[in-house]
Amino acid sequence: MHCPFCRHPDSRVIDSRTADDGLSIRRRRQCPECGRRFTTTETASLTVIKRSGVVEPFSREKVMSGVRKACQGRPVTEANLAVLAQQVEESVRASGVAQFDANEIGLAILPHLRELDEVAYLRFASVYQAFESLADFDAAIEELREHPAAPGTPSSAASTATQE
Ligand SMILES: [Zn+2]
């Protein structure tokens, strides 16, 4: 990355952060030659292969819209969904892999959704883990009972008393 001031061919990254759209990374850089600082915006190469074979950039909005359906009628806010989408992006980025298939993104959503709302988790899991029978639901519910969410994390406990 050339320094825009003195054209020095190298620069040092002093800070990087993902932009809100999740598709680009802003980096603060410093030129080792003249010492001046500048910002670059670079496209983050995190892509998703859809079932159709189409490759598209990872999108937090797509994560949110996928989960939103499973959360219908549940006490989950848009802000909750935004946090979840960010957690999902962080966990897939942390894997260091640049390309995922849509199913892997779905699987990355599950542990975060489970902490958010267990009913929404079951709905979502039934699609992404391809539940085929009631026995699959039973096994997933049993798993939830044996390993409840840690105290202090949002759970559906408060909402089970209210009828929809
Ligand atoms: Zn410079």
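**Salt bridges and the zinc site**

Modeller: By the distance rule applied here, the count comes to 9 salt bridges. The model is a predicted one.

Biologist: Why is the contact of K50 with E56 called a salt bridge?

Modeller: The closest N and O atoms of K50 and E56 are 3.8 Å apart. The rule asks for a side-chain nitrogen of Lys or Arg within 4 Å of a carboxyl oxygen of Asp or Glu, so the pair qualifies. E56 also forms a salt bridge with K62, with the closest N and O atoms 3.3 Å apart.

Biologist: How do you know whether E56 is buried or exposed?

Modeller: E56 has a relative accessibility of 18%. Buried means under 20%, so E56 counts as buried. K50, at 37%, is partly exposed, and K62, at 48%, is partly exposed, because that class lies between 20% and 50%.

Biologist: What makes R114 and E143 a salt bridge, and which parts of the chain does the pair tie together?

Modeller: Their side chains meet at 3.6 Å, N to O, and the cut-off is 4 Å, so the pair counts. R114 is buried, with a relative accessible area of 15%, whereas E143 is partly exposed at 34%.

Biologist: Which residues coordinate the zinc ion, and what makes them donors?

Modeller: The zinc ion is coordinated by the SG atoms of C3, C6, C31 and C34, at 2.3 to 2.4 Å. In sequence, the donor residues are spaced C-x2-C-x24-C-x2-C.

Biologist: Why is the site of the zinc ion called tetrahedral?

Modeller: The angles among its 4 donor atoms are 105 to 119°. Four donors count as tetrahedral if all angles lie between 85 and 135 degrees, so the site meets the criterion. The ideal angle for four tetrahedral donors is 109.5 degrees.

Biologist: Are C31 and C34 buried or partly exposed?

Modeller: C31, at 1% relative accessibility, counts as buried. C34, at 33%, counts as partly exposed.

Biologist: How many helices and strands does the chain have, and in what order?

Modeller: There are 5 helices and 6 strands, and from the N terminus on the elements run β-β-β-β-β-α-α-β-α-α-α. Of the 164 residues of the chain, 32% count as buried.

Conventions
Residues are numbered from 1 along each chain as its sequence is written. This is a predicted model: local features need pLDDT of at least 70, side-chain atom pairs count only at pLDDT 80 or more; totals for chains, interfaces and linings use all residues. Side-chain values use heavy atoms; hydrogens and water are left out. Donors are N, O and S atoms within 2.8 Å of the metal (3.2 Å for Na, K and Ca); water is not among the atoms, so sites may look incomplete. Four donors count as tetrahedral if all angles lie between 85 and 135 degrees; four count as square planar and six as octahedral if opposite donors are over 155 degrees apart and all others between 65 and 115; anything else is irregular. Buried means under 20% relative accessible area, exposed over 50%, partly exposed in between (1.4 Å probe, protein chains only). Helices (H or I, at least four residues) and strands (E, at least two) are DSSP runs, numbered from the N terminus.
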